[in-house]
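Here are a few exercises to work through with the model open in your viewer. Try each task before you read its solution.

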Amino acid sequence: MNSLYSINKYFYRYRGRLLLGFLFVTLNSILLTFPGIYIGRATELFRTGSTDKSAFLHCTLMIIVFSLSGAFFMFLMRQTLIVMSRLIEFDQKNEIYAHYQQLDQDFYKQNFTGDLMNRISEDVSRVRMYTGPAIMYLANTLATVVTSIIFMVNVDGRMALAVLTPLPILSFIIYKVSAKINRKSSQVQEHLSEITAITQEAFSGIRTIKSYSKENYFTEKLFIESGEYRKRALSLVATEALFQPFMVFMVGLSLLLSIYVGGWLVSKGDIRAGDISAYVFYIFRLTWPFAALGWVTSLIQRASASQQRINEFLLKGPAITNSKSIPVKISGRVEFQNVSYVYPETGRQAIQNISFDIVGGKSLGIIGPTGSGKSTIGSLLTRMYDVNNGKILVDNVDIREHELGNLRKNIGYVPQDVFLFSETVKNNIAFGADDKLEGNSLNEKIIESAKNAMIHENILLLPQEYETIVGERGVTLSGGQKQRISIARALLKEPKILIFDDCLSAVDTETEDRILANLKNEIKGRTSIFISHRVSGVRNCDHIIFLKEGKIEEEGTHAALLKKNGEYASLYRLQTLEQNSPK
């Protein structure tokens, strides 16, 4: 149970409910054990042939009163402990989700989305079964055992000893079987995560799967994994199934011992026959707690396995840390000083000794072949990764010294791989808006940004215009439309630094020219970085760098680079030829 220690903080947070729950459990156990006394008395009245109706009535009423009182405290017990477990589940899910949000991109590259979802849903639900039902039934078992033993010893200690003889054997069996359940539970949860990951990936890539007619392949893949999951789940169930019959056998053995020893003591005149009836009641009071003990043990072991999986992620700290808590005003100057970066998961040198300086309000164009490190520069500037060597300065301050939230708030980043939420067009654009902006002012800004991104006319053609739901990841829109909505989102943010990372790759050059012309007024006074594989996307920038294999091969203005007649000029001639060639 070492892994479950990490949730003790929640028990402390809700200690009031926990202590009240234990109190109600104790009162419930005491009140429901008291009827045994009156069952014994009634049995003795029957055996002696008593005609005292008032004595029978008294026993009946007391049994009813104690039963109803115990039921009332059982209700309170569930209202405190089970509700507490739901509150813990709520807190734990929020904690895990908040922690996910803090982790860096490398974490998400190394872990499947399906596995992340499974840990925050299925694993947390299993932990809740420990913080609620398992804790409640364990407390109930302990209180019932202690209460019943006190009542048993009060009748006769020798009978109590006979009844409790099987307990050491029971404890040993539980200890041995629990280890197996824990191991098998971990295996079951791991396979469930794999199934969730396969399913999530298949649904996300359903268009690709259908276009390649690979439905049967993924169905077979899921069938194989589901078969392995079923095999391990059945193995776990078989192990858990050992508990129930063994518990019933132990209770039955206790019952036989109590009747045998009780009969012997009655024959000696040490106890009354009615005491045997009371003992039988006490044993049956122990039947459910002990029968549930196997189930509770299984819950604890499953929760332990799940919490261990949760802890694996909770113990992972973000590689990108926020060193400052007070934001400073950013004007927009950006400087790279001998910056190098190697992707840790592949060991590939993305960029090497890159240096450039952009004065606030000016523009920089970055161009080069695929894999030359263009997008890496944008990721480093937004601190999705931290540099291995060198420095990145924003307003002469190392970006690692800037407050992270404020830094990213002042950067408008438009990636090539656009992500749109399954929301309306309006809400997707407004995603980048200032929280203070609302009502008509917000609507006007949204339309203005859409016009500057050359998407307004397209939006008006949609069924519900700006209120149209775009579907998951913007599935109802074309690639160019998604890119332009993403540009509108960044413009609405009104940041000091704008990064356009090949975000016009899905539009034709004519539309690209019109968008860039519209952007001229919007980017005035803002530092702008245009990353592109087309010369047309960077030629109007104040300064251009040509990257090759992570290094700056050439740099200068568009005119100066053409005069050099190097690789930039060669690329320009090739793309111009392709553009002007007859279709």
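**Exercise 1.** In which helix is the place of Ser306? Work out its surroundings too.

*Solution.* Some ground rules come before the steps: this is a predicted model, where local features need pLDDT of at least 70, side-chain atom pairs count only at pLDDT 80 or more, and totals for chains, interfaces and linings use all residues. Residues are numbered from 1 along each chain as its sequence is written, and side-chain values use heavy atoms, with hydrogens and water left out.

- Step 1: Ser306 sits in helix H12, residues 273–314 (helices are DSSP runs of H or I with at least four residues, strands are E runs with at least two, numbered from the N terminus).
- Step 2: Ser306 counts as buried because its relative accessibility is 0% (buried is under 20%, exposed over 50%, partly exposed in between, with a 1.4 Å probe and protein chains only).
- Step 3: leaving out residues up to four places away in sequence, Ser306 touches Asp123, Arg126, Val127 and Gln189 (heavy atoms within 4.5 Å).

**Exercise 2.** Find the kink in H6.

*Solution.*

- Step 1: locate H6 at residues 113–155.
- Step 2: look at Arg119, where a kink of about 35° is centred (the angle between axes fitted to the seven residues ending there and the seven starting there).

**Exercise 3.** Trace the partners of strand S9.

*Solution.*

- Step 1: S9 (residues 543–548) runs parallel to S3 (residues 363–367), with four bridges (pairing takes at least two DSSP bridges); Ile366 faces Ile545 in S9.
- Step 2: S10 (residues 551–556) pairs antiparallel with S9 through five bridges.
- Step 3: in the hairpin of S9 and S10, Glu549 has a positive phi near 55°.

Methods: Expected span 1.5 Å × (residues − 1).
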